[in-house]
Amino acid sequence: MRTSRPVRLGPRSVAALVLVSLVGVLAFCWPLFADAGSAVTSHAGDAPWLFAALLPLLVAVVVATIADCGMDAKAVAMLGVLAAVGAALRPLGAGTAGLEPMFFLMVLSGRVLGPGFGFVLGAVTMFASALLTGGVGPWMPFQMLSMGWFTMGAGLLPGPDRLRGRGELLMLSAYGFLAAFAYGTVMNLQGWVLLQGLSSGISFQPGAPLHENLVRFLAYVLATSLGWDLGRAALTVVLTLTVGGTLLRALRRATRRANFEAQVTFGAPEEPSPGEAPHRTYVTYEPE
């Protein structure tokens, strides 16, 4: 039986992901290097511009992945279905001790779909959930980037073709645990620069030396969000270990039926020997 494997990255996919990631890193970090007298020293003003740049970059990632792997509309349709499911899961726990079940779905989906489609899935899911829950604001494009990185990381984990069973679930659980804290920390960086002058010990100070602001940021994370991130990480581990195996099999079955990375090969008929019936042309589907 042919087993499914994540969508591999081609050169165009890598270039598109590097570009969108560079834009994201600059968007998160530029206030740390802005002068104190800068007209804009928070993310409230740059969020619309980031969102406007993010959408075409996401389309570029999808187009580049399809061009590199030769997939068709069925792959994009599956991406939309998973994004809709993830968006529906988010309101079930958001606002309650950080319990957000969508994170475990993003881990498993990124593992099956690979880093390129995983990044797009994470970003689109967060965008759809923001529309569903009314959570549209200056934080939304940053959430899209953070969730895209979160899901992409699952697609970059080792052993996508060989590692299966309990070992794979343990690896995904460990990744989900650590990445849940990483997601919260990255998003804290976005919100922290908006809190200027509230407390000299933990608030962002525009124009201050980088190392001083990083110390304040660490204190801010420890004081405000560590418990919230722990709830998200723990739920991701529990759901991955309990229902992760079943969901992984279902996702892989769906990708096989969608013929991800399948190439159609037409076999040319051979000339029959004297007295033999003509050979038939055959069609086979083989992974790249």
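Is F28 buried or exposed, and what is its relative accessible area? F28 is buried, at a relative accessible area of 3%, where buried stands for under 20% relative accessible area, exposed for over 50% and partly exposed for values in between (1.4 Å probe, protein chains only). The model is a predicted one, in which local features need pLDDT of at least 70 and side-chain atom pairs count only at pLDDT 80 or more, while totals for chains, interfaces and linings use all residues. Residues are numbered from 1 along each chain as its sequence is written, and side-chain values use heavy atoms, with hydrogens and water left out.

The secondary structure of the chain consists of nine helices and two strands, taken as DSSP runs numbered from the N terminus (helices H or I, at least four residues; strands E, at least two). From the N terminus, the order of elements is α-α-α-α-α-α-α-α-α-β-β. Of the 288 residues in the chain, 46% are buried.

Eight aromatic pairs are found, by a rule in which rings of Phe, Tyr and Trp (its six-membered ring) pair if their centres lie within 6.5 Å, with planes under 30 degrees apart counted as stacked, over 60 as edge-to-face and the rest as tilted. The pair of F28 and W149 is tilted, because the ring centres are 5.9 Å apart and the planes stand at 40°. This pair links distant parts of the chain, with F28 in helix α1 (residues 11-33) and W149 in helix α6, 121 residues apart. F103 and F150 form an edge-to-face pair, with 5.1 Å from centre to centre and 85° between the planes. F103 lies in helix α4 (residues 102-113) and F150 in helix α6, so the pair ties together parts that are 47 residues apart in sequence.

W149 is in contact with S21, G24, V25, F28, F119, Y175 and V186, leaving aside neighbours within four places in sequence. The C-alpha atoms of W149 and G24 are separated by 9.7 Å, although the two residues are 125 residues apart along the chain. F150, with residues up to four places away in sequence not counted, touches F103, M106, V107, Y175, G176, A179, A180 and Y183. The largest nonpolar core has 59 residues, of which M147, F150 and W192 touch the most other members; such a core is a set of buried Ala, Val, Leu, Ile, Met, Phe, Trp, Tyr and Cys residues joined through side-chain atoms within 4.5 Å. S109 lies in helix α4 and counts as buried at 1% relative accessibility. Beyond neighbours within four places in sequence, S109 is in contact with L82, G114, L121 and L251.

Six salt bridges are present, each defined by a side-chain nitrogen of Lys or Arg within 4 Å of a carboxyl oxygen of Asp or Glu. R111 and E168 meet in one of them, at 2.8 Å from N to O. The pair links distant parts of the chain, R111 being in helix α4 and E168 in helix α7, 57 residues apart. R111 is buried at a relative accessible area of 1%, and E168 is buried at 2% relative accessibility. In the salt bridge of R90 with E100, the closest N and O atoms are 3.8 Å apart. R90 is buried at 11% relative accessibility, as is E100 at 8%. The side chains of R232 and D229 also form a salt bridge, at 2.8 Å from N to O; both residues lie in helix α9, three residues apart, about one turn of the helix. Salt bridges that share partners join R90, E100, D229 and R232 into one network.

At the surface, G227 in helix α9 (residues 226-257) counts as exposed at 53% relative accessibility. L156 is in the loop between α6 (140-155) and α7 (166-192) and is exposed, with a relative accessible area of 54%.

How values were computed. Contact = heavy atoms within 4.5 Å.
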